[in-house]
Amino acid sequence: MNEAVPAMTDSAPAGAFKARHALLKRLADVVSLPASRINAFERAVTGDLLVEMLRLAAPEERRRVAARLAPLSELPNSLARLLLRDEPSIAGLLIEQCASLNDADLVGCVRDTGPDHRLMMAARRGLSEVVTESLVGFGETVVIEAVLKNPTARLSQGAIEMVVAASRTANSLCHLLLKRPELRPSGAYAMFWWCDAEDRRTILQRFAVSREVMQEVVDDVFPMAAVENWQDPVSRKALQFIERRQRNRAAIEKSPFGGLEEAVQAAGDQGLSREIAAEIAYLAGVKPLTGAKILGDVGGEPVAILCKATGLGKGDLRNLWRSMRRPETTPAGVVDPAWVRVQITFDMLAVDRAQTVLRYWNWSLSSAMTPALMRAIREGEDGAVDEYSTPERTAMMALAQDFGR
């Protein structure tokens, strides 16, 4: 007759119980048997028993079992859940090596553990979109950086949008995000506002695309829309984005200036007043909010994009720069680096590509961009205006203008 096994206390050191050590090893061996030797139900029952033992085992014992089970192609779910939530040195053995973990296992680990586990997870090979979205959702910069550096990880557009929004306050993410193949123009154009000069140049080189193909495909649609008197707001907005003309003809007819060049000249002569700043935005075919973002930008590159997209020349660019009270030379008498960057930006972009960037900005600041990216742009305005900066304060005054002109 079999006698009941007496209960053991866990007060003794792990090495004191040789039977426990042997039993843990044997049960781990059973779980590791190939499918030809053990069926799924037997493996699951053995795993359940092993879980009960591991819950009371010492860390070193759990570590040995985790090392034994990590290479398995099939691992009981109960064991995976327990070990993935163990201390980082133990969970890391499975996170880094165990190929049998599915997305549910990984997302559960991300959700139920801490930053150390998530950092290890971020470096795991072959992460799916579901797992990376869960990882970046915690907003931990060091984890997001590790995900972006992982060339085998795949990111969903939802995850990309979260990272773009996070990059507003964590500038180190910008450079890494620009290397990801999943980044799309909408995210890059939003991120442009808070990127440094080098990353801005990368964005313009990579994402300032032409609309030539779209223009060719819809060329015959413009007359159709004109016959309908542009009454359909859906097609009108899309065609406004595609069309070659940037300047607003209706605004030109109503303007007190003869055109955009005259408005820019007036700004150069009189300074960038609230009325002239708003007028420049209207004549350029953009909303006052877009114009305010451009004229208030610290780096200055958006001003070059505005000028190139609207067909203004370098002289007009200089007039606008001076109207914003931005320096052309340093106190040492050399050309100011910001003014150099602005001129390079003007020279490097074709008109059509500059229009794409400008129209995406204008579009995104109205309705086209996702809520996360729109919020990131708008929140970027809070505290961004230097109260001692005349051009920034003047540009932001344009926001008070009526948008519905």
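Guide: Before we start, contact means heavy atoms within 4.5 Å. This is a predicted model, in which local features need pLDDT of at least 70 and side-chain atom pairs count only at pLDDT 80 or more, while totals for chains, interfaces and linings use all residues. Residues are numbered from 1 along each chain as its sequence is written, and side-chain values use heavy atoms, with hydrogens and water left out.

Visitor: Which residues is serine 78 in contact with, leaving aside its neighbours within four places in sequence?
Guide: Serine 78 has its place in helix α4, residues 77-84, where helices are DSSP runs of H or I with at least four residues, numbered from the N terminus. Once the neighbours within four places in sequence are set aside, the residues in contact with serine 78 are Gly47, Asp48 and Val51.

Visitor: Is serine 78 buried or exposed?
Guide: Buried means under 20% relative accessible area, exposed over 50%, and partly exposed in between, with a 1.4 Å probe and protein chains only. Because its relative accessibility is 15%, serine 78 counts as buried.

Visitor: Which residues have the most contacts inside the largest nonpolar core?
Guide: A nonpolar core is a set of buried Ala, Val, Leu, Ile, Met, Phe, Trp, Tyr and Cys residues joined through side-chain atoms within 4.5 Å. The largest such core has 105 residues, and those with the most contacts inside it are Leu50, Leu69, Met191 and Ile280.

Visitor: Which helix gives the largest share of this core?
Guide: The largest share amounts to seven residues, and they come from the helix that spans residues 274-283, namely α19.

Visitor: How are α3 and α5 oriented to each other?
Guide: Axes are lines fitted to C-alpha atoms, for helices over the stretch in contact, and angles run from 0 to 180 degrees between N-to-C directions. For helix α3 (residues 59-69) and helix α5 (residues 88-97), the axes come within 9 Å and cross at roughly 5 degrees. Angles under 35 degrees count as roughly parallel, over 145 as roughly antiparallel, 65 to 115 as roughly perpendicular and the rest as oblique. The two helices α3 and α5 are therefore roughly parallel.

Visitor: Which residues of α13 meet α23?
Guide: Helix α13 (residues 197-207) and helix α23 (residues 337-348) pack at an angle of about 10 degrees, with their axes 11 Å apart. On the α23 side are Arg341, Ile344, Thr345 and Met348, and the residues of α13 that meet them are Ala197, Arg201, Leu204 and Gln205.
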